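Reader: I have a chain to look at for class. Can we go through it step by step?
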Amino acid sequence: MPASRPRLLPWPGANGQPCYLVTDGGANSRLSKLADEMEDVQLNTGSDLLKHARELLRTRYVSARELRFLSHRLAEALHDALRVAESRGMRIPTADAGREDPAEPRS
């Protein structure tokens, strides 16, 4: 059975570079399931942070330090969400998935 397409993992490599998984087990491999769980944690964390941000921004007096901290956390959450979206987008089958040569005209 051929290996699946590379999957972008929700965590970076040792030097911050993108980390990919190729497995014959597909979505059923242990590492794929761990990646699915990590994506869920990242998205839930972003959702919780957004709720907190909305509450904080309703407050009349917020210090610059609080806003700076919030901005850093929101940027991290957005980075994680974009990585999850990219990874999931790469796994969506395309109409041309079954074709050998994408340059070959359709019949």
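Reader: What share of the residues in the chain is buried?
Author: Buried residues, meaning those under 20% relative accessible area with a 1.4 Å probe and protein chains only, make up 20% of the 107 residues. This is a predicted model, where local features need pLDDT of at least 70, side-chain atom pairs count only at pLDDT 80 or more, and totals for chains, interfaces and linings use all residues. Residues are numbered from 1 along each chain as its sequence is written, and side-chain values use heavy atoms, leaving out hydrogens and water.
Reader: ok, which elements does the chain have, in what order?
Author: From the N terminus, the order is β-β-α-α. Helices (H or I, at least four residues) and strands (E, at least two) are DSSP runs, numbered from the N terminus.
Reader: Which residues of helix 2 are buried?
Author: They are L70, A77, R83, V84 and S87. These residues pack against strand 1 (7–8) and helix 1 (30–58).
Reader: And which residues form the largest nonpolar core?
Author: L49, A53, L56, L70 and A77. Such a core is a set of buried Ala, Val, Leu, Ile, Met, Phe, Trp, Tyr and Cys residues joined through side-chain atoms within 4.5 Å. Helix 1 gives the most to this core, with three residues.
Reader: What does A77 touch, leaving aside neighbours within four places in sequence?
Author: A77 is in contact (heavy atoms within 4.5 Å) with G46 and L49.

Terms used: Buried < 20%, exposed > 50% of the residue type's maximum accessible area, 1.4 Å probe, protein only.
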